[in-house]
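Biologist: I have a model open and would like to learn how to read a few of its features. Please take them one at a time.

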Amino acid sequence: MQAGQANTTRKYRLYPTQEQAERLTQWGHSCRAVWNIALEQRQFAWQERRHTLRAVEQCAHLTQARADLDWLADLPAQSAQQVLRHLDRAYDNWWNPDHPAGAPVHKKRRAALSVSFPGQAMEVRKLNRHLGEIRLPKLGWVRFRMSRPPGGTLRNATVKVDGAGVWHLILGVAANREPTIPNGKPGCGVDFGVACSAYVSDEDAPRLMAPTLAPGERQRLLGLERRKARQVTYAKKHNGCRYSRRLRETLAAIAGLRSRQARRRDDFTHKLTTGLAKNHGWVGIEDLRVSSMTASAKGALEAPGKNVRAKAGLNRGILDNAPGERRRQLEYKAPLFGSEVRVVPAPFTSQACSACGVADKASRPGCGREFACTACGHQEHADKNAALNIEGRARRAAGLNSTRRHLVPSPRETGRRSREPLAGAA
């Protein structure tokens, strides 16, 4: 990492005035337009002349366009240049064979609005215990809730708004961190699930995420979704697909509940991952393919799927627990606390016995929470058994030896040949 480069982020709740919020909204749409126009220009230049445009060349075109277009001139020049740099990064990620990103695409109008600023164009000051202010170009001082100090040199900032109209400030900070030495604490394996949000191998009870919506909130959300369906149908039939004021109010109410649900889910996820990284020397997790796990079972007209509604409910449960986000947070938090993340293959962790290593799907009947090995008779909570298997695989991957009972050859290593009890087993 280059000296002075941003190596951490800080997210705060932003409180712009009505005039500031309206102008930020206009800038967000302008940034979206700049992205789409720049992307279209790059695609045209490649298709017609096989020429690769980059931000340096497009910045010259941007300067000329600002002299002709008032809406572009109103957008801070640094923000428009940041959009072009972000487009460069999107192309670099696409061209990188080791990066999962695909080709850059156009941004739709309903996409989340964001405006980026470089660090040299801003200034942050503290007002009191809870509030701070940031000076943004052409906007002046904007208040935000300073829940924690930035803790470093400010390098960039991004202002975003979610679907509920809640504004957030994300600061990119270059923090002066000392190299973290290993904390020397014991490791663990963690099984992420739906019924049990997380089961840690060295704990006797699962960690459960509280419902992200209260019963009353779920009922209200259901009523709002039904109202939205009726209003959308009416708009298509009688209003030329134009949204009425009442329909927009319904959409805003739904977005408010969804935003509240997301904040509660993020709160649990951050507390869970921080505790795991802080209290363990290493954390073993499964290499889950979330996109494949949550694929729709709808099928096609020629071959319709089965149990489509049940699979849709399971997909919602998986996504609500956010296994991909938990892995992302663990990977950046573990080095901060002298820990590490060990990713192990996921197959057979739920079907293999943590005592004898024999994998048999009959040991896990149905979707119950009990595991009863058909080979040795070992019984345990199914998610605890899976967490122990994950810990064992993580230890073997690191070449560590142990006498713990679950550190036996994996089902893949034993070939899963037999379901007979081991020699000497009761």
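This is a predicted model: local features need pLDDT of at least 70, side-chain atom pairs count only at pLDDT 80 or more; totals for chains, interfaces and linings use all residues.

Biologist: What counts as a pocket, and which residues lie nearest the centre of the largest one?

Modeller: On a 1 Å grid over the protein atoms alone, a pocket is an open set of points where a 1.4 Å probe fits, with protein on both sides within 12 Å along at least five of seven lines; lining residues have an atom within 4 Å of a point. In this model 32 residues line the largest pocket, and Thr9, Arg10, Lys11, His270 and Tyr332 lie nearest its centre. Strands S1 (8-15), S6 (153-161) and S7 (167-174) and helices H6 (245-279) and H9 each give two or more residues to that lining. H6 provides the largest share, 7 residues. Helices (H or I, at least four residues) and strands (E, at least two) are DSSP runs, numbered from the N terminus.

Biologist: Which residues of H9 are buried?

Modeller: Buried means under 20% relative accessible area, exposed over 50%, partly exposed in between (1.4 Å probe, protein chains only). In H9 (residues 323-333), the buried ones are Pro323, Arg326, Gln329, Leu330 and Lys333. They lie on the same side of H9, because they cover an arc of only 125 degrees around the axis. That arc is taken from the directions from the helix axis to the C-beta atoms.

Biologist: Where is Lys138, and is it exposed, partly exposed or buried?

Modeller: Lys138 sits in the loop between strand S4 (131-136) and strand S5 (140-145). Its phi is positive, about 65 degrees, although Lys138 is not a glycine. Lys138 is partly exposed, at 43% relative accessible area.

Biologist: And where is Cys241 found?

Modeller: Cys241 is in the loop between helix H5 (215-238) and H6. Cys241 also has a positive phi, near 65 degrees, and is exposed, with a relative accessible area of 52%.

Notes. Residues are numbered from 1 along each chain as its sequence is written. Side-chain values use heavy atoms; hydrogens and water are left out.
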